[in-house]
Amino acid sequence: MLKFENVSKSFWTGTQRKVILDRASFTVETGQSLGILAANGTGKTTLINMMAGLEKPDDGKITRTSRISFPLGFMGGIVPAHSASENARYIARLYGLDPDYIEAFCRYLVSIDEYFDMPMNTYSQGMSARVSFALLLALEFDIYLIDEGMPSSTDADFNRKAGNVLHERLTKSTVVIVSHSAFILERYCSRAAVLKDGHLHMFDSLEKAKAMYAYDQQ
């Protein structure tokens with residue numbers, strides 16, 4: 001379970017205070033995936049980072065009783081000077097998992113040949129994104145956090161393999177997707193919310209959330 005109780009978060013922009021959340025309360029139960037629609041610049045990444053514990057709220061309480069992933073695309077745990085192989089083994093040890101298995105899983109999924117043993121600061125943006133996503137899938141969580149959907153990759157083989165693994169994970173896990181696009185949410189979420197002016201409007205269906213979001217975008 002992931003629970004927000006009267007959570008508030010804001011930033012000072014230099015000219016005004018930007019409110020991300022204003023006393024928001026909601027619960028994500030395992031088995032009930034949630035999509036959150038939010039326009040660009042409204043605080044999508046800040047919200048997902050608070051869910052993961054990467055940022056603290058100004059006020060309120062966040063409770064986590066399940067294994068919650070780091071956000072898809074988050075590179076904070078990766079050491080760029082190390083290879084993908086070294087990073088995979090390091091992350092495995094942090095989570096108390098078998099380094100040989102995690103390295104082999106990521107090596108298979110990413111399929112970048114000799115680059116897997118080269119420093120990640122020599123990788124293209126697409127290669128780095130594939131390694132980050134592979135690490136996310138290598139670690140099994142109860143709730144997966146996704147900011148703006150799948151990583152951008154032009155590699156069809158990676159998209160196929162990663163998509164199959166993600167689909168298998170989500171048959172027994174829960175996903176929270178925060179995005180400005182309703183299309184991304186449609187594949188995984190039946191329940192949704194709309195983030196607007198610091199308020200999170202919860203709906204019991206994606207269609208109702210889409211209707212409010214579309215109206216606000218007009």
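A salt bridge here is a side-chain nitrogen of Lys or Arg within 4 Å of a carboxyl oxygen of Asp or Glu. Keep that in mind as you explore these close-ups of a predicted model, in which local features need pLDDT of at least 70, side-chain atom pairs count only at pLDDT 80 or more, and totals for chains, interfaces and linings use all residues. Residues are numbered from 1 along each chain as its sequence is written, and side-chain values use heavy atoms, with hydrogens and water left out.

**View 1. A network of salt bridges links five residues: Arg 89, Asp 100, Glu 103, Arg 107 and Asp 117.**
Arg 107 and Glu 103 form a salt bridge whose closest N and O atoms are 2.8 Å apart. Both residues belong to helix H3 (residues 99-110), where they sit four residues apart, about one turn of the helix. (Helices, H or I and at least four residues, and strands, E and at least two, are DSSP runs numbered from the N terminus.) Is each partner buried or exposed, or something in between? For this we use relative accessible area: buried means under 20%, exposed over 50%, and partly exposed in between, with a 1.4 Å probe and protein chains only. Glu 103 is buried at 14%, while Arg 107 is partly exposed at 31%. Across the whole structure, the search finds 14 salt bridges.

**View 2. Lys 9 and Asp 58 meet through their side chains in a salt bridge of 4.0 Å, N to O.**
Lys 9 lies in strand E1 (residues 2-12) and Asp 58 in the loop between helix H1 (44-52) and E4, so this pair ties together parts that are 49 residues apart in sequence. Lys 9 is buried, with 10% relative accessibility. Asp 58, at 40%, counts as partly exposed.

**View 3. Glu 186 and Lys 210 form a salt bridge, with their closest N and O atoms 2.7 Å apart.**
Because Glu 186 lies in helix H6 (residues 182-186) and Lys 210 in helix H7 (residues 206-217), the pair ties together parts that are 24 residues apart in sequence. Glu 186 is partly exposed at 40% relative accessibility, and Lys 210 is partly exposed at 22%.

**View 4. Strand E3 (residues 34-38) is largely enclosed by the rest of the structure, since five of its five residues are buried.**
In a regular strand the side chains alternate between the two faces of the sheet. Here, Leu 34, Ile 36 and Ala 38 are buried on one side of E3, and Gly 35 and Leu 37 are buried on the other. Which strands pair with E3? Two strands pair if DSSP finds at least two bridges between them. Four bridges join E3 to the parallel strand E6 (residues 174-179), with Gly 35 opposite Ile 177. Five bridges join E3 to strand E7 (residues 191-196), also in the parallel sense, and there Ile 36 stands opposite Ala 193.

**View 5. Ser 83 sits in the loop between strand E4 (59-64) and helix H2 (84-94).**
Although it is in a loop, Ser 83 is buried, with a relative accessible area of 4%. Which residues does Ser 83 touch, leaving aside neighbours within four places in sequence? Counting contact as heavy atoms within 4.5 Å, they are Phe 116, Asp 117, Met 118, Pro 119, Met 120 and Tyr 123.
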